[in-house]
Amino acid sequence: MQKYEYDKLLNRAISSLPEKVVVQERFEMPKGIIFHEGNTTILRNLVEIADKVNRDVQHIFSYLLKELGTAGDIDGERAIFQGKIPPKKIQERIEKYVNKYVLCHECGRPDTKLVKINRTLILKCEACGAIRPIK
Ligand SMILES: [Zn+2]
C-alpha cells in the first residue's frame, strides 16, 4: 500500500517537470563562413545559419542586404553580396539579427517564434512565455 502511494507521487513529480528544463543547452551564436571571391563577398553557410536559429533564409538574407547596404543573391546554401565587405561587418550583422529576431530578452533562449498581431511583429518565447514587439 505504502509503496504504491510512493510510486504514484514519484510519477506525478516527474511528469510535471517541464521538458525544456531537462534538455536545456547553451545557445551558441552562429558563425558565418565568409570570404571574398573576385569583387563579391560570399557567406558560405547562410542556409545553415537560418536552420540553426530556425528562421526563414529569405528573411535573414533581406535583413543582411539592408543592413550592409548592398545587393546580392542566394546561390544554393550560400549568400553572395556585391562588393568586398569586411567579414567582421557581416558577422556583426548576423549577431544583430539573432539578438533582434531570435533570442528572448527575458530568458536569453532561442526557442522563440515570430508572430504578427495586428500589424506588429512580435517575438514570442516558447520557453518562458515572454512577448516583445520588434521595432
Ligand atoms: Zn524567454
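**Entry 1: the model.** I noted that this is a predicted model, in which local features need pLDDT of at least 70, side-chain atom pairs count only at pLDDT 80 or more, and totals for chains, interfaces and linings use all residues. I number residues from 1 along each chain as its sequence is written, and the side-chain values use heavy atoms, with hydrogens and water left out.

**Entry 2: the zinc ion.** I looked up the donors (N, O and S atoms within 2.8 Å of the metal, or 3.2 Å for Na, K and Ca; water is not among the atoms, so sites may look incomplete). For the zinc ion the protein donors are the SG atoms of Cys-104, Cys-107, Cys-125 and Cys-128, lying 2.3 Å from it. Their spacing along the chain is C-x2-C-x17-C-x2-C. Cys-107, in the loop between helix H5 (87-101) and strand E5 (112-117), and Cys-128, in the loop between strand E6 (120-125) and strand E7 (131-133), link distant parts of the chain, being 21 residues apart. Here helices (H or I, at least four residues) and strands (E, at least two) are DSSP runs, numbered from the N terminus.

**Entry 3: helix H5.** I asked which residues of H5 are buried, where buried means under 20% relative accessible area, exposed over 50%, and partly exposed in between (1.4 Å probe, protein chains only). I found Ile-90, Gln-91, Arg-93, Ile-94, Tyr-97, Val-98 and Tyr-101. Because they cover an arc of only 160° around the axis, they lie on the same side of H5; the arc is that of the directions from the helix axis to the C-beta atoms.

**Entry 4: helix H4.** In H4 (residues 57-68), I listed Ile-60, Phe-61, Tyr-63, Leu-64, Leu-65 and Leu-68 as buried. The buried residues of H4 pack against E2, helix H3 (46-53), strand E3 (72-75), E4 and H5, contact meaning heavy atoms within 4.5 Å. Just after H4, I saw that Gly-69 takes a positive phi of about 65°.

**Entry 5: strand E2.** Two strands pair if DSSP finds at least two bridges between them. I found E2 paired in the antiparallel sense with strand E1 (residues 34-37) over four bridges, and with strand E4 (residues 78-82), again antiparallel, over four bridges. Glu-37 stands opposite Thr-40 in E2, while Thr-41 stands opposite Phe-81 in E4. E1 and E2 form a hairpin with two residues between them, and Gly-38 in the turn has a positive phi of about 60°.

Key: The expected span of a helix is 1.5 Å times one less than its number of residues.
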